[in-house]
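Trainee: Please take a close look at one part of this model, the salt bridges and the strand surroundings that go with them. I would like one connected account.

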Amino acid sequence: MALTVRVITPDSTVWDQEAEEAILPSTTGQLGILSGHAPLLSALDIGVVRVRTGQTWEAIAVMGGFAEMDNNELKVLVNAAQRGSDIDAEAAESEFVAAEERRTAAQASGNAQELIQAEREFKRSRARKQAAAGVA
């Protein structure tokens, strides 16, 4: 039995193929999904979804959302997503370094709202960097 994986944003479908396995960044840790998995609904954090088709892994940066597994169909509904192969690795690295500097500055400032925004931007840039590198 094949597992169908769909990664869907409000604007488009980023991934819609059969796969052997998917690994999701749930809010409580990494979650592995195989064919025949029990029905599931899980909140997703900002991170990287990894999908295995044959011997190949595809990395997809996701910006939070939900995953639903039912009848060998995994629907990943997210705010935004981008396939790692579509991300410029050098630009993602630059964004990550800048976000890390903003996070450090926000920690030093003591401004809670600024820190929350900086942490969120750091997570987004880290996910894009990891997806571009094919690493989760």
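Mentor: In this predicted model, Lys 123 and Asp 45 form a salt bridge, with 3.3 Å between the closest N and O atoms. The two residues come from distant parts of the chain, Lys 123 from helix H2 (residues 112–133) and Asp 45 from strand S5, 78 residues apart. Lys 123 has a relative accessibility of 27%, so it counts as partly exposed. Asp 45 is also partly exposed, its relative accessible area being 26%.

Asp 45 has another contact to note: Thr 27 touches it, along with Ala 43 and Leu 44, when neighbours within four places in sequence are left aside. Thr 27 sits in the loop between strand S3 (21–26) and strand S4 (29–34). Its C-alpha atom is 9.7 Å from that of Gly 65, a residue 38 places away along the chain.

Among the pairings, Glu 21 has Leu 34 of S4 as its bridge partner, and Ile 23 stands opposite Gly 32. S3 is also joined to S5 (residues 40–53), again antiparallel, by four bridges. There the partner of Ile 23 is Arg 50. S3 is largely enclosed by the rest of the structure, because six of its six residues are buried. Glu 21, Ile 23 and Pro 25 point one way from the strand, while Ala 22, Leu 24 and Ser 26 point the other way.

The side chains of Glu 119 and Arg 103 meet at 3.7 Å, N to O. This pair links Glu 119 in H2 with Arg 103 in helix H1 (residues 89–109), 16 residues apart. Glu 119 is partly exposed, at 27% relative accessibility.

The salt bridges come to nine in total. One of them joins Arg 6 and Asp 16, whose closest N and O atoms are 3.1 Å apart. Arg 6 lies in strand S1 (residues 3–8) and Asp 16 in strand S2 (residues 13–19), so the pair ties together parts that are ten residues apart in sequence. Arg 6 is partly exposed at 24% relative accessibility, and Asp 16 is partly exposed with a relative accessible area of 44%. Arg 6 and Asp 16 are also linked with Glu 73 and Lys 75 in a network of salt bridges.

Technical notes: Residues numbered from 1 in each chain as written. Predicted model: local features only at pLDDT ≥ 70, side-chain atom pairs only at ≥ 80, totals over all residues. Heavy atoms only, no water. Contact = heavy atoms within 4.5 Å. Buried < 20%, exposed > 50% of the residue type's maximum accessible area, 1.4 Å probe, protein only. Pairing = 2+ DSSP bridges. Salt bridge = Lys/Arg side-chain N within 4 Å of Asp/Glu carboxyl O.
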